[in-house]
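Have a look along with me.

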Amino acid sequence: MSLVNLPGLKQMIVEISDLHRLPESAVRDALREALLKGYERYRRAQQMDKKQIYAEDYFNNFEVELDTDEEGFRILSTKIIVDEIENTDHHIALKEVQEVTSEAQIGDSVVLDVTPDQKEFGRMAAIQTKQVLLQKLRDQQRKMIQEEFQELEGTVLQARVLRFERQSVVMAVSSGYGKPEVEAELPKREQLPNDNYRSGATFKVWLKKVRDGVHRGPQLIVSRAAAGLVVDLFATEVPEIEDEVVRIVAVAREANPPSRHVGPRTKIAVDTLERDVDPVGACIGARGSRIQAVVNELRGEKIDAIRWSPDPATYIANALSPALVDQVLLVDTEERQALVLVPDNQLSLAIGKEGQNVRLAARLTGWKIDIKDTARYKSEQGKLPDVAANPETEEEDTEEEFPVSAEPLAEEE
């Protein structure tokens with residue numbers, strides 16, 4: 001059988017495998033596809049003078065056999081046995097096959113070595129194959145990354161800063177211990193303003209999306225601004241959440257505030273069915289150690305841990321923490337509109353800098369919240385309404401000492 005020599009074939013496969021972090025089997029597949037494409041281009045070039053046009057699927061019955069021991073490759077063609085040959089690339093005469101085996105019948109198929117004898121083909125194949133091989137290797141990498149990380153969407157990964165491209169940060173992430181690192185993109189909108197993305201710095205990131213299809217650059221999109229990152233950090237720091245004793249009901253996060261004068265902030269609502277467990281206290285930890293660990297990972301982002309309540313008025317009052325609320329009026333339950341009355345000295349705290357506190361409380365509860373000064377409202381109405389909801393004093397004190405913030409998962413996703 002004829003052979004087109006590829007000196008150093010075995011070593012080349014090993015080196016490409018190491019360089020592109022692909023299994024050797026994937027490199028062989030890519031090389032076979034590339035060599036076949038080189039053969040196809042060679043054949044098309046041979047027929048240009050004859051003006052023969054090959055259909056797109058004309059070479060589907062051809063394949064490449066790699067021989068790493070002999071360091072070369074062969075072109076094989078699967079041909080159908082026919083009585084009269086119409087196409088020598090696809091057919092072979094019954095009489096010709098019967099000279100080798102008498103059992104051959106019309107309609108059977110045989111595999112034949114059709115490697116060209118010309119020395120010119122080896123040189124041309126190498127030139128034509130190089131570009132195709134690089135593309136096939138990229139395709140193999142994308143496929144491997146897709147399969148490896150698809151199930152990890154919506155989880156937290158450890159990432160290391162590699163370089164910067166435009167406004168994005170390119171990071172190295174891994175799917176597990178001992179697994180090779182791959183590149184991921186952290187777009188500008190997913191970055192935190194307090195982060196310092198210097199080369200080599202490590203961060204925890206939320207795997208937001210694994211891109212499908214062919215894309216230039218990294219296929220993985222990661223985030224530091226996703227609400228899911230806050231949830232995962234709390235689940236890591238708070239054993240009661242991991243054990244499902246405490247549950248996170250809602251999260252509202254503003255990682256990139258509309259104004260540079262306002263810092264990132266998250267509000268997280270927690271609850272428990274255990275009477276002896278304080279869910280807010282569990283999230284804060286002794287001397288604030290648990291919540292401080294989350295704050296440190298988010299580079300100083302403010303976080304408000306508040307108690308969820310099935311009663312909307314109580315829940316809204318809690319959500320406005322650390323402000324002290326006098327009363328909550330449910331103005332329109334169908335439209336989910338509420339009026340909140342606060343003392344004059346709590347008005348700016350309830351609204352927050354540039355409206356951030358009330359904006360996050362509205363996202364967290366799902367209610368449209370209007371805030372008014374109690375004294376002014378009393379003078380306008382003549383009397384104070386009977387409906388009131390006061391957040392628990394213990395929770396308020398805790399949240400004042402350890403402020404925190406976040407965006408709802410459903411809203412973000």
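My notes on aromatic pairs and salt bridges follow.

This is a predicted model, so I took local features only at pLDDT of at least 70 and side-chain atom pairs only at pLDDT 80 or more, while totals for chains, interfaces and linings use all residues. Residues are numbered from 1 along each chain as its sequence is written, and side-chain values use heavy atoms, with hydrogens and water left out.

**Rings.** I searched the whole structure and found nine aromatic pairs (Phe, Tyr and Trp rings, the six-membered one for Trp, with centres within 6.5 Å; planes under 30 degrees apart are stacked, over 60 edge-to-face, the rest tilted). Y39 and F59 have ring centres 6.3 Å apart and planes at 90°, so I logged them as edge-to-face. Both Y39 and F59 are buried (under 20% relative accessible area; exposed is over 50%, partly exposed in between, with a 1.4 Å probe and protein chains only). I also noted that ring pairs link Y39, Y42, Y54, Y58, F59 and F62 into a cluster.

**Salt bridges.** I counted 22 (a side-chain nitrogen of Lys or Arg within 4 Å of a carboxyl oxygen of Asp or Glu). For D29 and R32, I read 2.7 Å between the closest N and O atoms. E254 and R363 also meet in a salt bridge, at 3.6 Å from N to O. Buried or partly exposed, I wondered of E254? E254 is buried, at 3% relative accessible area, and R363 is partly exposed at 26%. Last entry: shared partners join E65, D67 and R74 into one salt-bridge network.
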